[in-house]
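Hi,

Here is the structure I promised to pass on. My notes on the core and the charged pairs follow below.

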Amino acid sequence: RKRRTHFHSFMLDVHRRAALFRKTPGYRGDVFLHVGKMLARETSVLCFDELQVTDVADAMVLTRLFETLLAEGVTLIATSNRPPRDLYLGGINREHFLEFVALLETRVHVRDLQAGRSGHDYRRERSETDLPSSGF
């Protein structure tokens, strides 16, 4: 029950599910609480590639969504080029997003791989001989 996904694709899926739930007859309550519980039933480990927040719609729902995922016991793993405090810098209504930053800083373990400071780029560790003969 593991899921690995690009963060942007994950959020597209979250908003798609939210839209479907809103169309459900008798819909009530926090749609993102419902989506979070649905996702928790489907996966116990959720791994995000490139957690980056640039969309105001994403920024406004992340706290409720992640609180639900964590409360339901989902293990979250993510890569990001930014520490939590630098996510959504300059974004519209960022003051509302800071609750999500606080959630990340208090509820998850943040590890800095120091690629930027050490000058080592782990993405470039594959040698050119590792590339397929087509060059792709």
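A salt bridge here is a side-chain nitrogen of Lys or Arg within 4 Å of a carboxyl oxygen of Asp or Glu. K37 and E72 meet that definition, at 3.6 Å from N to O. K37 sits in helix α2 and E72 in the loop between α3 and β3, so the pair ties together parts that are 35 residues apart in sequence. K37 is partly exposed, at 34% relative accessibility. E72 is partly exposed too, at 42%.

Please keep in mind that this is a predicted model.

Six salt bridges turn up in the whole structure. Another one joins D30 and R64, at 2.8 Å from N to O. D30 is in the loop between α1 and α2, and R64 is in helix α3, so this pair links parts 34 residues apart in sequence.

D13 pairs with R17, with the closest N and O atoms 3.0 Å apart. The two are four residues apart in helix α1, which means about one helical turn separates them. D13 counts as buried at 10% relative accessibility. R17 also counts as buried, at 11%. Both belong to a salt-bridge network that links R3, D13, R16, R17 and E42.

Now the core. The largest nonpolar core has 31 residues. F7, F10, L65, F66, L69 and F97 have the most contacts inside it. Helices α1, α2, α3 and α4 and strand β2 each supply at least two of its residues. The largest share, seven residues, comes from α3. Leaving out residues up to four places away in sequence, F10 touches R3, T5, L39, L46, F48, L65 and L69.

Best wishes

Conventions: Residues numbered from 1 in each chain as written. Predicted model: local features only at pLDDT ≥ 70, side-chain atom pairs only at ≥ 80, totals over all residues. Heavy atoms only, no water. Core = buried A, V, L, I, M, F, W, Y, C linked by side-chain atoms within 4.5 Å. Buried < 20%, exposed > 50% of the residue type's maximum accessible area, 1.4 Å probe, protein only. Contact = heavy atoms within 4.5 Å.
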